[in-house]
Amino acid sequence: MLNDILASLQVLSLPTRTNFRSVTKREVALFKGPNGWGEFSPFLEYEAEEAANWLGAGIEAAFGQLPLAQRDEIEINATLPAVDTKIDVENILSWYPGAKVVKIKVGGDLELDIARIENALAVNPKSKIRLDVNGGWSVKEATDAVAQLVERFGVDTFQYIEQPVATVEELRELQLPIPVVGDEVIRKAQDPFAVDLNGAVDILMLKVSPLGGIERAKALAAHHKLPVVVSSALESAVGISHGLKLAASLPELKYACGLGTGKLLANDVADLPIVDGRMKVTTVEPSGMLNLQAAPERRAWWENRIRDSFEVWQARN
């Protein structure tokens, strides 16, 4: 299988339209199997232990069994990075026509966070707001910040807050007036099945690539018995299409999904349109890859990374 992956490997560099998580270009590795294309795109700093999950997701997509769909289109949220001008907010939100929910990166300067929320609500006063902190606050900081935000905007403005603090113990200590989503607490865990989420989070974030594939993500959802949100890890359209397949296969899908992040890329291998705040579940056949090729030395780097990650993945399976 490793030889098949390397034989069809395409290493691409996809520029972003805005700074997102300090990323201005996204390197991804795509490979083809009997089911079509899989993606391997762990962030550059991830070591083989963590990257192996991403490779497993790509292998499942290209060589494994695809799930049965319960629905053929998925409601999505708009994703608003840390931009600070009203015109930037208006521009980015225009990439998500019809989206009723906006996910906003917060956790830096609270006044800038407030301004970002105000600008988003100015575009659509009826939007539901999701806050994403990436575990950056202490318990006191989270408690104080959410209290100020709720006082200013009203509790009903906020659908949830994602990973306000870093650890399960801190999450359990929190007493917030809005629901809490667990992301990194599962995604970064050595064994996400062993994490006790009781009393810590209200909703579980599922991301296909970091969690090792669709079937493993579904198994985690069944194990933890929590409502879920399906989101991306800033993959190309290939990876996003498998996030859509995960969302389509779940028995219940209460929340809009964070799968519109392809709009943050200036160039991608396929267009996944957003119409009336929804995306069709589809299989992607990449195009235009010749113009997106990474430099030859980057291909060699990714080949070595795949070999290292494959060794870890194979030992686990």
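A: The answer starts with the chain as a whole and then turns to its core.

This is a predicted model, in which local features need pLDDT of at least 70, side-chain atom pairs count only at pLDDT 80 or more, and totals for chains, interfaces and linings use all residues. Residues are numbered from 1 along each chain as its sequence is written, and side-chain values use heavy atoms, with hydrogens and water left out.

The chain holds eleven helices and twelve strands. These are DSSP runs: H or I of at least four residues for helices, E of at least two for strands. The radius of gyration is 19 Å, close to the 20 Å that the globule rule gives for 317 residues, so the chain is as compact as a globular protein of that length. The radius is taken over C-alpha atoms, and the rule is 2.2 Å times the number of residues to the power 0.38.

Of the 317 residues, 56% are buried, meaning under 20% relative accessible area with a 1.4 Å probe, protein chains only.

Now the core. A nonpolar core is a set of buried Ala, Val, Leu, Ile, Met, Phe, Trp, Tyr and Cys residues joined through side-chain atoms within 4.5 Å. The largest has 104 residues. Phe40, Tyr96, Ile117, Ile129, Phe158 and Ile161 have the most contacts inside it.

Take Ile129. Leaving aside neighbours within four places in sequence, Ile129 is in contact (heavy atoms within 4.5 Å) with Val102, Ile104, Ile117, Ala120, Leu121, Thr157, Phe158, Gln159 and Tyr160. A second, separate core has six residues, including Val181, Met205, Val229 and Tyr255.

Technical notes: Buried < 20%, exposed > 50% of the residue type's maximum accessible area, 1.4 Å probe, protein only.
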